[in-house]
Amino acid sequence: MANAEERRCFNVKGFTSLVLMIAFLVVGVSGVVLYVGPHGHIALTTDWNFLGLAKGQWTSLHMTSALLFLIAAVFHVIWNWGVFWCYIKKKAAAGLNLKVELALALVIGALFIGGTVLNVPPFRSFLELKRTINGYWAGAAGEQAGPGHGAGMGQGRGMGQGRQFRGGQTGQ
């Protein structure tokens with residue numbers, strides 16, 4: 001017979017950590033699917049889907065999971081602030097023993113940000129691989145790869161230069 005002491009109260013910190021983990025996994029999986037999946041109009045034209053979800057659904061899932069991840073991360077920091085602050089004070093009192101680790105983490109972060117913004121290898125190669133994959137999907141759909149090509153709502157359908165799009169109809 002279980003008494004009241006054996007029953008555990010809801011563990012908010014544990015719950016937050018689990019939500020954070022689930023959101024992280026969904027963001028990771030959806031990010032990989034969006035990376036290797038076809039470009040938007042090609043996915044729409046070919047009625048592409050993966051695991052029963054269309055491109056737009058994967059994008060929505062990725063965005064909402066990222067939002068959940070950020071919200072859970074904020075609450076995780078709030079609810080673990082005491083532990084975090086004690087850790088910082090303890091390390092500061094003993095002298096920061098993670099100087100090399102902190103410096104390396106900052107350098108890696110700066111390399112990823114700078115390398116992406118400056119479009120240098122290997123970051124450029126990673127982004128070019130995505131363009132190559134998009135080219136594969138475009139070829140499989142019988143279209144030319146690259147922006148501005150293929151069926152769409154732009155100039156290729158007479159809805160581009162000099163025309164206005166108003167409420168679902170083109171202006172004449």
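What follows is a short chat about a predicted model of one protein chain.

Visitor: What does the secondary structure of the chain come to?
Guide: Six helices and four strands. Keep in mind that this is a predicted model.

Visitor: In what order do the elements run from the N terminus?
Guide: The order is α-α-β-β-α-α-α-α-β-β.

Visitor: How much of the chain is buried?
Guide: Buried residues are 16% of the 172 in the chain.

Visitor: What share of the contacts comes from residues 24 or more positions apart?
Guide: 59%, counting contacts with a separation of 6 or more.

Visitor: Let's take H3. How many residues, and how far does it reach?
Guide: Helix H3 covers residues 55–79, which is 25 residues. From first C-alpha to last it reaches 36 Å. That is close to the 36 Å expected at 1.5 Å a residue.

Visitor: Which residues of H3 are buried?
Guide: Lys55, Trp58, Ser65 and Ala72.

Visitor: What covers them?
Guide: The cover includes helices H1 (12–36) and H2 (40–45). Strands S1 (49–50) and S2 (53–54) are also among the covering elements.

Visitor: Switching to aromatics. How many pairs in the whole structure?
Guide: The search finds eight aromatic pairs. One of them is Tyr35 with Phe126: the ring centres are 4.7 Å apart and the planes sit at 15 degrees, so this pair is stacked.

Visitor: Where do Tyr35 and Phe126 lie?
Guide: Tyr35 is in helix H1, and Phe126 is in helix H6 (residues 123–140). The pair therefore ties together parts 91 residues apart in sequence.

Visitor: Is Tyr35 buried or exposed?
Guide: Tyr35 counts as buried, because its relative accessibility is 17% and the cut-off for buried is under 20%.

Visitor: How is the pair of Phe50 and Trp58 arranged?
Guide: Phe50 and Trp58 are tilted. Their centres are 6.1 Å apart, with 40 degrees between the planes.

Visitor: What about the accessibility of those two?
Guide: Trp58 is buried, at 5% relative accessibility. Phe50 is partly exposed, with a relative accessible area of 38%.

Visitor: Which residues form an aromatic cluster?
Guide: Trp81, Phe84 and Trp85 form one.

Visitor: Now Met21. Where does it sit?
Guide: Met21 is in helix H1. At 44% relative accessibility, Met21 is partly exposed.

Visitor: How far is Met21 from Ala73?
Guide: The C-alpha atoms are 9.9 Å apart in space. In sequence, Met21 and Ala73 are 52 residues apart.

Visitor: On to backbone geometry. Which peptide bond is cis?
Guide: The one from Pro121 to Pro122, with omega near 0 degrees. Pro122 lies in the loop between helix H5 (99–118) and H6.

Visitor: What is the phi of Asp47?
Guide: Positive, about 55 degrees, although Asp47 is not a glycine. Asp47 is in the loop between H2 and S1. With a relative accessible area of 63%, Asp47 is exposed.

Visitor: And the phi of Leu51?
Guide: Leu51 has a positive phi of about 55 degrees, and Leu51 is not a glycine either.

Visitor: Where is Leu51, and is it buried or exposed?
Guide: Leu51 is in the loop between S1 and S2. Leu51 counts as exposed, because its relative accessibility is 67% and exposed means over 50%.

Technical notes: Residues are numbered from 1 along each chain as its sequence is written. This is a predicted model: local features need pLDDT of at least 70, side-chain atom pairs count only at pLDDT 80 or more; totals for chains, interfaces and linings use all residues. Side-chain values use heavy atoms; hydrogens and water are left out. Helices (H or I, at least four residues) and strands (E, at least two) are DSSP runs, numbered from the N terminus. The expected span of a helix is 1.5 Å times one less than its number of residues. Buried means under 20% relative accessible area, exposed over 50%, partly exposed in between (1.4 Å probe, protein chains only). Contact means heavy atoms within 4.5 Å. Rings of Phe, Tyr and Trp (its six-membered ring) pair if their centres lie within 6.5 Å; planes under 30 degrees apart count as stacked, over 60 as edge-to-face and the rest as tilted.
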